[in-house]
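Student: I would like to work through this model with you, one question at a time. Could we begin once it is on display?

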Amino acid sequence: MLKDRFDILLGGLLLACAALIVGLLLGGGSQASQRDLAVDKALEQEIAYQAKVSFLERLYAPVSELRTAGQNEAALLKLDELSRRYPDEAHGELLRGEILLQLQAIPEATAHLARAVRMNGDYVDQHSPLSRRDLFEQLLGEQLTVIKSRAKKNPSATALQAALKDLYYLQGRLAGGCE
Amino acid sequence: MRLALRDPHTWLVILAGGLLGLSGVWLMVLGNPQNSGICVSCFLENSAGALGLHDNARMQYLRPELIGFVLGSTLAAALFREFSSRGGSAPLPRLLSGVFLIVGCSVFIGCPIKLFLRLAAGDLTTLTGLAGLAGGVWLGLKGLAVGVHLGSPVKQRGGSGFWTPLLFLVLLVFLLARPGFVIFSERGSAAEAAPVLIALLVGLILGAIAQRTRFCITGSLRDLFIMGTRAQLFWGFLAFVLIAFAASWATGNFKPGFYGQPGAHLDLLWSFLGMLLVGSVSVLIGGCPFRQLIKAGEGDADAGLVVVGMLVGAGLVQSWQIAGTAAGVSVYGKVAVVAGLAFFLLNLLLFRERSAS
């Protein structure tokens, strides 16, 4: 391969480049200035995510307070007010679903809960601080068979058919998979 | 002619298929996402995210299995003196084929390997995908039969076949050293993973045995259509499906049904069309996404370009919301699949050798 002096020169330069890369990676990585410049994207993502979680907690704190006080209707009104400012925020959908579930409006609650999960998959994620897996598992355990049989008896009831579809969607998301 | 049962290669192909089926379920049991023990397209989407090619924070992880497939193939090819730099036929159409392979897979939610892993776990929504894949392979074969071909790769000087293995060697360094610019999801499906060293080792073994046997899902279907049951690859494919089914059943992961299946949707028409795209394009470029990784590992620069295209496609399907989700397929996904089918048909027209009459 190395047949003349030019080849040997290229080979030597290549070795020098390889040594330089190894040297830079091993030596440079430990220098304080390099550490300052390094971009830890995972850390940045985590900080942004934690900030989002804190923001949601603060934003929806009045709703949570009203729910704790047992004023579910007032909490729904507060959610209406907030949804005008943040129309595509999944957390509002989730809270609305939770309240409607408490009020036993099952098809409506299911629609909002499924919409929340479509907008933000963290609600079915075990590792997320926003996780509501237990709630979904309970909902499916209690309502899937009931809604399925009601939908079968009333094939023209579009709300029931939609609720069944949403429950299947939640069931699929809880089952996991790659998405 | 009958299946050559006395030929050791037949048994090696069957072993390759069996190992793939077993590994697909075992890696899931060890931590990979449900029904996604092995999925080339999902893993490419994860890896593209890890490299910053998309910003879906739930899909970012440098999957060791992919690295293993390519480097295992390289090692086997080197060991058996089969590594050879080759390529040079229709580079850009191959690159775009890689992009559209991932479009089809992502709309279906899974590559052909995952299709059968999902089916083996009882996911009946895959049946239309299976019909689409078989239809696509048939369509591709029809194209080949009337004289369509992208050209055969020729031996190349300049060692162009080294670049894909080198790229994956760099990815291996990234996986082990974890520099700050590579992202590893803390939540979502990309956070579900088998232990790194086990995943890497399984990838290396599968890559090596797939290089020796030329195992390929769409290739198996193609050979079945051409040669019937005497095709060796078909028996490997059958071993893959049967072992995956047995392993799913033995591990309690066999849950037959249409509804509530993991990583599946009920847009059945689009599952069909997505896999139709994958099957047809795979025949045109000589192998499914898994086979392209293996060929790239043994020095095929054309397959290397497909792999680069698949990596680009993996970034795009997430960034442009093309990928299907449990909620269904977006309008962008549908448009991308139709564009992919148009791309395939256009290639049939442009690459057809017509005899002068």
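Student: In which helix is F69(B) found?

Tutor: This is a predicted model, and its helices are numbered from the N terminus of each chain. The helix that spans residues 64-79 of chain B contains F69(B). That helix is α3 of chain B.

Student: Is F69(B) buried or exposed?

Tutor: A residue is called buried when its relative accessible area is under 20%. For F69(B) the relative accessible area is 1%, so F69(B) falls into the class called buried.

Student: Which residues does F69(B) touch, leaving out those up to four places away in sequence?

Tutor: Contact here requires heavy atoms within 4.5 Å. On that basis F69(B) touches I38(B) and V40(B), and also G203(B), L204(B), L206(B) and G207(B).

Student: How many residues apart in sequence are F69(B) and I205(B)?

Tutor: In space the two lie 7.7 Å apart, C-alpha to C-alpha. Along the sequence, however, the separation of F69(B) and I205(B) is 136 residues.

Student: How many of the residues of helix α12 of chain B are buried?

Tutor: Helix α12(B) covers residues 289-297 and is mostly covered. Its buried residues include F290(B), L293(B) and I294(B), as well as R291(B) and K295(B). The number buried in α12(B) is 9 of 9.

Student: Which residue with a positive phi follows α12(B)?

Tutor: The phi in question is near 105°. The residue that follows α12(B) with this value is G299(B).

Student: Turning to chain A, how many helices and strands are there, and what is its radius of gyration?

Tutor: Chain A has 9 helices and 0 strands. For its 179 residues the globule rule gives 16 Å, and the value for chain A is well over this, so chain A is more spread out than a compact globule. Its C-alpha trace spans about 85 × 40 × 25 Å along the principal axes, and its radius of gyration is 27 Å.

How values were computed:
Residues numbered from 1 in each chain as written. Chains lettered and ligands numbered in written order. Predicted model: local features only at pLDDT ≥ 70, side-chain atom pairs only at ≥ 80, totals over all residues. Heavy atoms only, no water. Helix = DSSP H or I, 4+ residues; strand = E, 2+ residues; numbered from the N terminus. Rg over C-alpha atoms; globule rule 2.2 N^0.38 Å. Buried < 20%, exposed > 50% of the residue type's maximum accessible area, 1.4 Å probe, protein only.
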